[in-house]
Amino acid sequence: MAQPIVIGDIQFKTKTAAKAEIRRRIGQYEAGDILSVADQVFFEELFKLHDEYVEKVGVGIKHIQVERDFHRNRCLYIHRTDGSEIDISWVHCVQPASTKTVVSAAFRRSVKERVMAFKSSQLSEVCRCPILDIPLDYENSHVAYTNNSFESLLDDFLGQAGVTFESIELINPSPDDSDQRGILKNPVIKEQWNQFYDSNARLTLMSAEANLRRKS
């Protein structure tokens, strides 16, 4: 049975599907081009699956650039905040996700509508990035956590509920669902999680660029 690949908030059913999306994104660029903010977000999440992630990222990522390798194939280079650069193989990153990653993605899916409602409500007013002071729109903005990270929130919830990642059952979404992350099977756990999230998550809206800088 094929195991899913999870890249950030996106879950792919197979390696083939993940590789097709990665190639599509890289294929938009020529040698010397710097990735857009949206693509940098995607590839930074992908790079976290590399077993030399810490060494590759070093002091932090300034930007990611497309180059050509010896065989004239497109490849990616990390340009660090200290001016150094290093190549990184995206192929090496594509590997089946752990149970924790797949389950975490399902919990993210469960609160997706809450996150999107927050984003829409903020954008309904004149909204500017609190860090870079630039106007925000749907495409250039990110919902970020101001206190605990999503991962910390989920760990706290599971501890409070007395359950583990391994004990959470998921339902596969239908093939035509645009969101291929798993669905929480237990309605009680889902409702408890949603209530916990509403009480404890502290959200803010900022530009994607500012959010990337914050994570570096």
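Helix α4 (residues 99-110) packs against α6 at an angle of about 95 degrees, and the two axes lie 11 Å apart. Axes here are lines fitted to C-alpha atoms, for helices over the stretch in contact, and angles run from 0 to 180 degrees between N-to-C directions. α4 and α6 are therefore roughly perpendicular to each other. Angles of 65 to 115 degrees count as roughly perpendicular, under 35 as roughly parallel, over 145 as roughly antiparallel and the rest as oblique. From α4, the contact draws on Ser104, Phe107 and Arg108; from α6, on Phe150, Glu151, Leu154, Phe157 and Leu158. Contact means heavy atoms within 4.5 Å. Five of these residues are nonpolar, one is polar and two are charged. Ala, Val, Leu, Ile, Met, Phe, Trp, Tyr, Cys and Pro count as nonpolar, Asp, Glu, Lys and Arg as charged, and the others, Gly among them, as polar.

The model is predicted: local features need pLDDT of at least 70 and side-chain atom pairs pLDDT 80 or more, while totals for chains, interfaces and linings use all residues. Residues are numbered from 1 along each chain as its sequence is written, and side-chain values use heavy atoms, with hydrogens and water left out.

Helix α6 (residues 150-161) also packs against helix α7 (residues 187-200), at an angle of about 130 degrees and with axes 11 Å apart. That angle makes α6 oblique to α7. On the α6 side, the contact involves Phe150, Leu153, Leu154, Asp156, Phe157, Gln160 and Ala161; on the α7 side, Ile189, Gln192, Trp193, Phe196, Tyr197 and Asn200. By class, nine residues are nonpolar, three polar and one charged.

The chain as a whole holds eight helices and nine strands. Both are DSSP runs numbered from the N terminus, helices being H or I of at least four residues and strands E of at least two. The C-alpha trace spans about 55 × 50 × 35 Å along its principal axes. Among contacts between residues at least 6 apart in sequence, 63% join residues at least 24 apart.

Aspartate 133 has a positive phi of about 55 degrees, although it is not a glycine. Aspartate 133 sits in the loop between α5 (112-123) and β6 (141-145).
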